[in-house]
Amino acid sequence: MTATFQYLSQEWRDEAEKRLTIELPPERMNFVTSSMSNIYQNCPPDGSEKYLFFKFENGKFAQLLVGTGTPPKAEFAIAGDYQTFAKITRGELGAQKALMTLKLKLKGNMVKALKLASLADRLNKVLATIPTEY
């Protein structure tokens, strides 16, 4: 039986880092240097706020953090409802569409964010392969 990971748990984070490192080498990430904090609002079971922080240096994963409270400073901060992010991670909703329909709110350079949207979709495709309990 395959292990199932609780979304945004430390174990899920570890599995995400392992898969992203293997499946998205620097050339698939266009050697990007950037950082992004996803801020999840209304997280079950208590409506708390969590974050998922990604940092890339020359296309390599430098950091992947999950936590509560204030996220690390990032080039982009994307805030939205837990269920919206869950749909994106499951591959049911594109990140770009979520931004354009205001399901997600972006702080940072929108033009650069849209350029990086295809990389975010690549990242989410890998995350969608993790057996996850939401």
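Predicted model: local features only at pLDDT ≥ 70, side-chain atom pairs only at ≥ 80, totals over all residues.

Reply: Residues are numbered from 1 along each chain as its sequence is written, and side-chain values use heavy atoms, with hydrogens and water left out.

Me: How many helices and strands are in the protein chain, and what makes a stretch count as one?

Reply: The protein chain has four helices and seven strands. Both are DSSP runs, numbered from the N terminus: helices are H or I with at least four residues, strands are E with at least two. From the N terminus on, the order is β-α-β-β-β-β-α-α-β-α-β.

Me: Why is the protein chain called as compact as a globular protein of its length?

Reply: The radius of gyration is taken over C-alpha atoms, and the globule rule is 2.2 Å times the number of residues to the power 0.38. For 134 residues the rule gives 14 Å, and the protein chain has a radius of gyration of 14 Å, so it is as compact as a globular protein of that length. Along the principal axes, its C-alpha atoms fill a box of roughly 35 × 35 × 25 Å.

Me: Why is Arg13 called buried?

Reply: Buried means under 20% relative accessible area, exposed over 50%, and partly exposed in between (1.4 Å probe, protein chains only). Arg13 has a relative accessible area of 10%, so it is buried. Its place is in helix H1 (residues 10–23). Of the 134 residues of the protein chain, 45% count as buried.

Me: Which residues does Arg13 contact, leaving aside its neighbours within four places in sequence?

Reply: Contact means heavy atoms within 4.5 Å. By that test, Arg13 is in contact with Leu64, Leu65 and Val66, its neighbours within four places in sequence left aside.

Me: Is Ser37 buried or exposed?

Reply: Ser37 has a relative accessible area of 1%, so it is buried. Its place is in strand E2. Not counting residues up to four places away in sequence, Ser37 touches Leu52, Phe53, Pro71, Pro72, Ala74, Phe76, Ala77 and Ile78.

Me: What makes a set of residues a nonpolar core?

Reply: The residues must be buried Ala, Val, Leu, Ile, Met, Phe, Trp, Tyr or Cys, joined through side-chain atoms within 4.5 Å. The largest such core here has 37 residues, and those with the most contacts inside it are Trp12, Leu20, Phe54 and Leu123. Helix H4 (residues 110–127) gives the most to this core, with six residues. Leu20 is in contact with Phe54, Phe61, Leu64, Leu123, Val126 and Leu127, leaving aside its neighbours within four places in sequence. In soluble globular proteins, nonpolar side chains tend to be buried together.

Me: How do you know that helix H2 (residues 82–89) is mostly covered?

Reply: Six of its eight residues are buried. They are Tyr82, Thr84, Phe85, Ala86, Ile88 and Thr89. These buried residues pack against H1, strand E2 (34–43), strand E5 (76–81), helix H3 (95–100), strand E6 (104–107) and H4.

Me: Why is Asn58 called exposed, and why is Asn30 called partly exposed?

Reply: Asn58 has 52% relative accessibility, so it passes the exposed limit. Asn30 has a relative accessible area of 49%, so it is partly exposed. Asn58 is in the loop between E3 and strand E4 (60–68). Asn30 is in the loop between H1 and E2.

Me: What is phi in Asn30 and in Asn58?

Reply: Phi of Asn30 is near 55°, a positive value in a residue other than glycine. Phi of Asn58 is near 50°, also positive in a residue other than glycine.

Me: Where does Phe31 lie, and which residues does Phe31 touch?

Reply: Phe31 is in the loop between H1 and E2. It touches Pro26, Asn58 and Gly59, not counting residues up to four places away in sequence.
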